[in-house]
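Colleague: I would like to learn how to read a model like this one. Could we go through it feature by feature?

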Amino acid sequence: MSATSRERQRRYRDRRKAGLRIVRLVVDDVALSVVLEALHFLDPQDADDDQALERGLNDMIRVLCQALADDA
């Protein structure tokens, strides 16, 4: 099911109001899995799951940003 342009625009505005941004990254699948597993952001059994990788990366970045903000 495809979202209408109006729905996409609303979600975009909602994200911006919440201070969120979507970014595109090009990363090596294996390297990302290894790092996320080593830092306990990804279960090794989920290494081939795109959604699990995305959640792990989001969690890792959120923790890193929060830690840096707390140190500031």
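Modeller: Start with the largest pocket, which holds about 740 Å³ of space. On a 1 Å grid over the protein atoms alone, a pocket is an open set of points where a 1.4 Å probe fits, with protein on both sides within 12 Å along at least five of seven lines. Points are joined across faces, edges and corners, and the volume is the space filled by probe spheres set on them. The model is predicted: local features need pLDDT of at least 70, side-chain atom pairs count only at pLDDT 80 or more, and totals for chains, interfaces and linings use all residues. Residues are numbered from 1 along each chain as its sequence is written, and side-chain values use heavy atoms, without hydrogens and water.

Colleague: Which residues lie nearest the centre of the largest pocket?

Modeller: Lining residues have an atom within 4 Å of a point. Here there are 18, and Val23, Leu25, Glu54, Leu57 and Asn58 lie nearest the centre. Two elements, H2 and helix H3 (50-71), each give two or more residues to this lining. H3 gives the most, eight residues.

Colleague: What counts as a helix?

Modeller: A helix is a DSSP run of H or I with at least four residues, numbered from the N terminus. Helix H2 covers residues 29-38, and Ala38 lies in it.

Colleague: Is Ala38 buried or exposed?

Modeller: Buried means under 20% relative accessible area, exposed over 50%, and partly exposed in between (1.4 Å probe, protein chains only). Ala38 counts as exposed because its relative accessibility is 55%. The C-alpha atoms of Ala38 and Leu64 are 15 Å apart, with the two residues 26 apart along the chain.
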